[in-house]
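Dear colleague,

Please find below the structure that I am handing over to you.

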Amino acid sequence: ELPSSTTEALPRYVRVNLIKTSVDEVIDSFVDKGWTLLHVPTDFSSFKEVCQNLDENQFLRDFHLDDLLVFPAHTDFHDSRLVQDGTVILQDKASCLPAHILSPPEGAVVVDSCAAPGNKTSHMASLMGNKGTIYAFDHTIDPYVCQCEDRIEVLQERMEGAGVSCKVARCMDFLRVKTDSQTYRDVEYVMVDPSCSGSGIVSRLDSLTNDDASVSQRRLGQLHKLQAQILRHAFSFPKVKKIVYSTCSINEEENEQVCEEIYEKFKERFKIKKVMKNWPERGRKGYQKSDRYLRASPTATLTNGFFVACFKRRKMKQEVGS
Ligand code: SAM
């Protein structure tokens, strides 16, 4: 259950763009401007308490993610030079989880299947030291979102601002990507962050609960179908070894149910990996792999509602021990 005042309580998260700077440099620059850096408590409940009681000039590193800083709720950074020049990016902590969980190394060949406006593309590039290739696709015929060309244009602008040079952006339906073609033969990491109801976004929670139930159910059904198709297609890259699936939805139809349906088809070659073992919230009870999924929420993790699953290729017998 989510109290209606949760919007007030969410801290402001600032992601450091490692293409342009380091976390220490950003910390120094805030301290120079009069901010006070607090120590990070060793347990998460104390950390949450500190985050919810920050004075207006206090900040600290995040408990889980080492490129993230936490500031008081409502701090307005939009005029800050660091934001304007792409040194830091304002991004909710939950939305920073997928890139960390996929964690493509420097030089990796990556696909971002549903990329616009590019938060996760730029985050992956930051973690990859801007080295490697990220094929970023976006396409939509969904009347709920603006059209593909505009979305890819926004992505291109944001990548330029963030100094990302390792991406190839394509306005293309991911479902039509020929995954076995020469171009994509070395793809090993795939990010799947498809269209979703957005029901986890705190400011939208009220509208979802007020929706006519049958309309939401119909929309959820359509979304589930699209999400499952996109996730399934990700498994068809011949060398893929890790796939991360995420949504900013709190509905089981878009999360656990999509993952379990697709897992059934690929379970001989892939497992669902338990990620971030020190994370406090897991999948909804009653599913085969409930404890492997990660959920985020305003109350448990001080973030928007979010879901992440990680599929990892099993080692084949001849690979074990080799
Ligand atoms: N990953 C993005 C980020 O972090 O900034 C957010 C992605 S948003 C949740 C989902 C995106 O999926 C939308 O931009 C939508 O246009 C795109 N999309 C939906 N169906 C698609 C398809 N078949 N192929 C490629 N992109 C698709």
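Please note that the model is a predicted one. Glycine 118 counts as buried because it has 28 C-beta neighbours inside 10 Å, where 20 or more are required. Leaving aside residues up to four places away in sequence, glycine 118 touches Ala136, Leu155, Arg158 and Met159.

With the same exclusion of residues up to four places away in sequence, its contacts are Pro98, Cys114, Lys120 and Ser246.

The UniProt annotation "binding site", from an unreviewed entry, includes both Gly118 and Asp193, as well as Cys114, Asn119 and Lys120 among others. In the model, the ligand is surrounded by 21 residues, of which Cys114, Asn119, Thr140, Phe174 and Asp193 are the closest. This shell comprises 10 nonpolar, 6 polar and 5 charged residues. Helix α6 (119–127) and strand β7 (133–138) each contribute at least two residues to the shell.

Turning to strand β1 (residues 12–16), 4 of its 5 residues are buried. β1 pairs in the antiparallel sense with β4 (residues 68–71) over 4 bridges, and tyrosine 13 has valine 70 of β4 as its bridge partner. β1 also pairs with β5 (residues 88–90), again antiparallel, over 3 bridges; here valine 14 stands opposite leucine 90.

With kind regards

Conventions: Residues are numbered from 1 along each chain as its sequence is written. This is a predicted model: local features need pLDDT of at least 70, side-chain atom pairs count only at pLDDT 80 or more; totals for chains, interfaces and linings use all residues. A residue is buried if 20 or more other C-beta atoms lie within 10 Å of its own, exposed if 12 or fewer, and partly exposed in between; C-beta atoms are placed from the backbone. Two strands pair if DSSP finds at least two bridges between them. A residue is near a molecule or strand if its C-beta atom, placed from the backbone, lies within 6 Å of it. Ala, Val, Leu, Ile, Met, Phe, Trp, Tyr, Cys and Pro count as nonpolar, Asp, Glu, Lys and Arg as charged, and the others, Gly among them, as polar. UniProt positions are given in the numbering used here, feature names are shortened, and annotations may be inferred rather than shown by experiment. Two residues are in contact if their C-beta atoms, placed from the backbone, lie within 7 Å.
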